[in-house]
Amino acid sequence: MLTVALAAHAGTEPTAASAAPVAAPDGVAPEMFAALQRDLRLTPAQARARLDVDDRASRVQRVLRTTLGARYGGTWVVERGDAVAVGVTSAADAASVRNLGALPVAVTYPERALDAAVDRLNRGAAAAPAAVVGWYADLPGNAVVVLARDGGASAARSFATAAGVPAGVLRVRASTEDPRPYADVIGGNAYYTGSSRCSIGFSVNGGFVTAGHCGRAGARTSQPGGTVRGSTFPGRDYAWVQVDAGNTPRGLVNDYRGGTVAVAGSAEAAVGAAVCRSGSTTGWRCGTIQQKNASVTYPEGTVSGLTRSNACAEPGDSGGSWISGDQAQGVTSGGSGNCSTGGTMYFQPVNPILAAYGLTLVTAAGPGPTPTPTSTGNPPGGTTWQVGAVYATGATVDYAGVSYRCLQGHTAQPGWEPPNVPALWQRV
């Protein structure tokens, strides 16, 4: 079971003179490591422990979505940030969750049921009353939450009922949010569509992805020059820009502290994980992922499939990068509040953008050498993969004539054969 502590026990913390400096984990830029400490109010040791937990949550999420299927209740980092929790709808799945170092939490509704309820609300978005701010799937709460302005709870509940959301899964919560897309007409050092300024999201082969509300298909951009080749807003909030010859997409994100953060991929982070964002108005800011599959009603219409966070943003940050560790997460859509008072922000996940337009993310330099494990950790009985065997990180096995290295210690379950779960096994 995962028991990473985020703070030293009282009386055992080393003195400043004797404590060795805590470096950023491999693959995490020092600038991101510093921003996490600033915005989440963590010590260096706490920040490193938090990143370890976030990485574990991402791996657990990838494995259990596949292996538990319709019984899977979602994965999240607990509020205190020191453990990974997984919702289970069957007590028989608890052992599988514990084998991956996570905490099983009994829930009534699987993740698919929550998403189905959100989809019903999305289909009825045109009928949403003015009192409804938006809605989202709440994994830790095992509910679908509809946000309502003051005095609008009854109207919100009627809207959800008419959309076909089961009463048991519905929660209506009061909200003071006034979300809007984060685009403005103030000059800056990001890209422009006409006189409007937005921020680049992530480089893709041939250009970059950004927010859909920043420009319609066919529009020209400047700094860098290019053409918006695809744009969707409202409904979703994404676009991609094909840049002109002479502009070179790179797998980097501006940290607004004189450097860049390398992008290594786009593995989805879990609810509760730390996340940082970059934008041309407020620079580099961090927070946590609060909810996924959120819908929000802007003046232009409802946008669905967003992720909700408390990392602040302001007008001009639209389209900018959201990144967890070295993994791209999404592009800024909009929200409420600012970086002085805080607020709630929404970003469009990046993987649906890549899929919608058939794009490939540009990453930084390829991975470094794989360290050689000091011990294989193979279980008794040889190296042939078998159900019920306990595999340590670094263990090597044979399966169907191919060798694999274990990436995450676990007890092998039916259906977890190495070719089926790349989150656990790397072909060697």
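1. Leaving aside neighbours within four places in sequence, Arg120 is in contact with Ala163, Gly164, Val165 and Pro166, where contact means heavy atoms within 4.5 Å. Arg120 has its place in helix H4 (residues 111-123), helices (H or I, at least four residues) and strands (E, at least two) being DSSP runs numbered from the N terminus. With a relative accessible area of 30%, Arg120 is partly exposed; buried means under 20% relative accessible area, exposed over 50%, and partly exposed in between, with a 1.4 Å probe and protein chains only. Arg120 and Ala162 are 42 residues apart in sequence, while their C-alpha atoms are 9.5 Å apart in space.

2. A word on the basis of these values. This is a predicted model, in which local features need pLDDT of at least 70 and side-chain atom pairs count only at pLDDT 80 or more, whereas totals for chains, interfaces and linings use all residues. Residues are numbered from 1 along each chain as its sequence is written, and side-chain values use heavy atoms, with hydrogens and water left out.

3. Helix H1 (residues 30-40) packs against helix H2 (residues 44-68) at an angle of about 110°, with the axes 9 Å apart; axes are lines fitted to C-alpha atoms, for helices over the stretch in contact, and angles run from 0 to 180 degrees between N-to-C directions. H1 and H2 are therefore roughly perpendicular to each other, a label for angles of 65 to 115 degrees, while those under 35 count as roughly parallel, those over 145 as roughly antiparallel and the rest as oblique. On the H1 side Phe33, Leu36 and Gln37 meet Pro44, Ala47, Arg48 and Leu51 of H2. The residues of this contact of H1 with H2 divide into five nonpolar, one polar and one charged, where Ala, Val, Leu, Ile, Met, Phe, Trp, Tyr, Cys and Pro count as nonpolar, Asp, Glu, Lys and Arg as charged, and the others, Gly among them, as polar.

4. Seven strands form an open sheet with antiparallel pairing, in the order E9-E8-E12-E13-E14-E11-E10; two strands pair if DSSP finds at least two bridges between them. Strand E9 (196-198) and strand E10 (202-204) stand at the edges, each with a single partner strand, so one side of each is left without a neighbour in the sheet. The twist averages 35° from one strand to the next. Strand E8 (residues 191-193) is joined to E9 by three bridges and the two run antiparallel, with Thr193 standing opposite Ser196 in E9. Helix H6 (residues 350-357) lies across E10, strand E11 (207-210), strand E13 (226-232) and strand E14 (238-243), and runs at about 60° to E14.

5. How many disulfides does a search of the whole structure find? There are three, a disulfide being a pair of cysteine sulfur atoms within 2.5 Å. Cys198 and Cys214 form one of them, with their sulfur atoms 2.0 Å apart, and the link is left-handed, with -90° about the S-S bond. Cys198 lies in strand E9 and Cys214 in the loop between E11 and strand E12 (220-222), so the pair ties together parts that are 16 residues apart in sequence.

6. Cys276 and Cys286 also form a disulfide, and with 95° about the S-S bond their link is right-handed. Cys276 lies in strand E17 (residues 274-279) and Cys286 in strand E18 (residues 283-298), so the pair ties together parts that are 10 residues apart in sequence.

7. Cys312 and Cys339 form a disulfide as well, right-handed with 100° about the S-S bond. Cys312 lies in the loop between strand E19 (301-309) and strand E20 (321-324) and Cys339 in the loop between strand E21 (327-338) and strand E22 (342-349), so the pair ties together parts that are 27 residues apart in sequence. Both Cys312 and Cys339 are buried.

8. E18 and E19 form a hairpin with two residues between them; six bridges join these antiparallel strands, and Gln291 stands opposite Arg308 in E19. E19 is also joined to E22, by three bridges and again antiparallel, and there the bridge partner of Arg308 is Tyr346. Nine of the nine residues of E19 are buried, so this strand is largely enclosed by the rest of the structure.
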